Amino acid sequence: MSDVPIGDYALLSDCQTAALVNSAGSIDWLCLPCFDARSVFGRILDQEAGHWSIRPAGEFTSSRAYLDRTMVLRTEFRTPTGTATLTDALACGLDRRGHELGLGSPHLLLRVLECTEGTVEALLEFAPRPEYGMIRPLLIPVEGGLRCHGGPDTLGLCSPLPFEITDRARARVVLRTGERAAFALQHTPAGGSPRLWSQAEILAHVADTVAAWRSWSELHQAYRGPWAPLVYQSGRVLQALTFQPTGAIVAAPTTSLPESVGGVRNWDYRFAWVRDASFTLDALWVAACPDEAEAFFAWMAQAAANDPAHCADMQIMFGIRGERDLTERELGHLSGWRGSRPVRVGNGAWQQRQLDVYGELLSAAHRLRAYLGGLDDPTKQFLAGLADAAADRWREPDQGIWEVRSGPQHFVYSKLMCWVALARAIDLAEDLRATDRIPAWTAAREEIRAAIEREGWSEEAGAYTQSFGSAQLDASVLVMPIVGFAPADSPRMRATIDAVRERLTSPDGLVYRYLATDDGLPGEEGTFLLCTFWLAQALAMAGEPEAARGYFERAASAANDVGLLAEEVDPGSGELLGNFPQAFSHIGLVNAAWAIARAEQDGVHRPPQ
């Protein structure tokens with residue numbers, strides 16, 4: 001089984017797929033040609049599921065960082081005889097700059113090893129295992145490298161070194177100061193003939209990829225405030241998790257990294273969730289620019305669209321091209337990270353009912369109000385239909401934001417987001433050509449508010465709670481001031497914030513989603529970074545920026561050495577848990593940083609404009 005800590009990995013991306021490389025120079029996760037494809041390297045989930053390592057032959061230490069304003073990684077290896085750097089990147093399309101980052105990506109993984117001092121002996125081991133480790137492909141030596149045949153992929157490995165080939169390819173090289181060796185892995189569909197690139201061409205691709213990321217950063221990163229490097233890095237991570245052909249943003253580029261070591265809470269996150277929409281747009285507005293926000297909304301609106309008569313049946317998540325059937329299955333041949341089984345692909349939550357999606361999408365539309373004029377009439381009717389669905393269905397139980405696999409409940413967050421759907425639709429009624437519906441929407445909105453205040457507030461808990469009639473705390477109610485339902489400094493909201501701080505927070509100051517709740521699954525989970533950022537944001541809005549800073553910095557300190565966040569943190573060990581890196585955690589960081597910056601600047605929180 002794989003035992004490398006999740007936090008030991010760094011992310012590479014061409015805005016169509018992603019790779020994870022550890023600090024010892026091993027690429028242990030790569031799906032080609034896109035995020036949701038079957039993995040070619042999967043050692044993060046099983047020791048025999050494929051990898052590509054380049055590392056010094058003997059003892060070494062390493063450090064690493066992304067090249068300035070890029071997602072190109074440079075790892076420095078220090079050995080008793082010398083020092084070498086390993087530069088890793090997924091190539092972007094040649095000469096693509098700014099908003100075109102990722103357009104025409106050639107599905108090309110680049111690796112350049114260079115000796116910068118003394119002499120370094122290095123080992124290369126290339127063990128592709130397509131289809132999640134099920135295939136051991138045929139490795140065929142050719143001039144300039146080798147080709148791999150087997151399964152749905154044809155791979156070409158460009159190398160200046162000869163290989164010893166068994167069920168994997170191995171090579172050894174000694175480099176002296178100033179010498180380097182460049183490698184590239186090219187993907188084509190089965191039957192294709194991947195190009196074998198020259199050393200000069202590989203180096204040119206690396207330089208072009210660096211320039212492409214820097215051009216994107218120059219156009220998009222204008223945030224001025226505290227923690228600017230973290231905000232900028234989070235913006236780049238969100239771009240790296242974007243599927244450029246459609247604008248979809250995956251929740252994470254991995255599957256089945258667990259919420260607890262050895263547990264069964266292991267899910268495939270290589271999809272896009274509607275629930276992320278409004279929070280994502282706020283973060284893109286701060287850490288990127290409106291162009292990415294508009295692209296994401298345009299894709300989400302198209303993927304989610306139904307005939308106006310069937311708006312109530314809106315799906316909660318989609319594939320990166322808008323696919324709806326995301327059937328979940330288990331891969332029994334994989335042992336899982338640290339024995340955390342089962343490993344799943346697909347996600348059964350696509351069939352769940354989650355009423356919050358109406359509010360998420362309408363809130364996203366409200367954020368991009370200026371964009372709505374370009375929508376066709378059927379899409380406007382669809383958006384108006386979402387408000388009708390919220391008014392009609394808010395009384396129904398559902399699985400909620402956390403996608404519980406127990407029975408449906410009357411989750412407060414779901415009711416809240418139905419309220420948001422109606423509040424945003426009322427404000428957008430003229431844009432949606434639905435002013436005649438304002439009276440009905442207003443009546444339903446007020447009915448929901450009354451129900452939340454009556455049944456979502458618990459005198460026993462002294463707080464808004466997880467579900468109607470329950471005394472269980474749930475961090476999702478921290479969103480109430482963020483979406484405008486209640487002022488953060490109102491008595492009930494202040495009491496709820498205090499309750500979360502006192503009873504839903506670990507000793508190290510990180511927030512759980514919930515505790516002592518039957519969610520239909522055995523085992524426990526770690527503290528949730530997004531929820532901790534929500535607490536920081538709520539405190540900033542309540543006029544406590546100093547306290548907000550404390551929670552923000554505790555959550556941000558969970559990032560690994562290259563600024564990446566997972567979904568959760570193990571409360572005992574402090575290790576990162578869950579799929580990695582996690583978009584929602586980086587979204588939470590950006591939005592909380594912005595809220596704290598505004599609170600410190602003028603004492604008033606305003607939504608990003």
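The model is predicted, so a word on terms: local features need pLDDT of at least 70, side-chain atom pairs count only at pLDDT 80 or more, and totals for chains, interfaces and linings use all residues. Residues are numbered from 1 along each chain as its sequence is written, and side-chain values use heavy atoms, with hydrogens and water left out.

I start with the whole chain. The protein chain has 14 helices and 26 strands; these are DSSP runs, H or I of at least four residues for helices and E of at least two for strands, numbered from the N terminus. The C-alpha trace spans about 75 × 50 × 45 Å along its principal axes.

Of the 609 residues, 64% count as buried. Buried means under 20% relative accessible area, exposed means over 50%, and partly exposed is in between, with a 1.4 Å probe and protein chains only. Contacts are heavy atoms within 4.5 Å; among those with a separation of 6 or more, 66% come from residues 24 or more positions apart.

In α6, 10 of the 11 residues are buried, so the helix is largely enclosed by the rest of the structure. The buried residues include Glu360 and Arg367, along with Tyr358 and Leu361.

Next, the aromatic rings. Rings of Phe, Tyr and Trp (its six-membered ring) pair if their centres lie within 6.5 Å; planes under 30 degrees apart count as stacked, over 60 as edge-to-face and the rest as tilted. By this rule there are 15 aromatic pairs. In one of them, phenylalanine 60 and phenylalanine 77 have ring centres 5.3 Å apart and planes at 85°, so the pair is edge-to-face. Phenylalanine 60 is in the loop between β5 (51–56) and β6 (61–66) and phenylalanine 77 is in strand β7 (residues 73–78), so the pair ties together parts 17 residues apart in sequence. Phenylalanine 60 is partly exposed at 26% relative accessible area, while phenylalanine 77 is buried at 1%.

How are the rings of tryptophan 227 and phenylalanine 552 arranged? They are stacked, because the planes are at 25°, and the centres are 4.0 Å apart. This pair links distant parts of the chain, 325 residues apart: tryptophan 227 is in the loop between α2 (199–220) and α3 (228–240), and phenylalanine 552 is in helix α13 (residues 545–556). Tryptophan 227 is buried at 15% relative accessibility, and phenylalanine 552 at 0%. Elsewhere, ring pairs link Phe279, Trp402, Phe528, Trp534 and Phe584 into a cluster.

Last, the backbone. Most residues other than glycine have a negative phi, and most peptide bonds are trans. Leucine 32 and proline 33 are joined by a cis peptide bond with omega about 10°, and proline 33 sits in the loop between β3 (26–31) and β4 (39–41). The bond from arginine 341 to proline 342 is also cis, with omega near 5°; proline 342 is in the loop between β20 (329–330) and β21 (344–345).

Cysteine 15 has a positive phi, near 65°. Cysteine 15 lies in the loop between β1 (9–13) and β2 (18–22) and is buried, with 1% relative accessible area.
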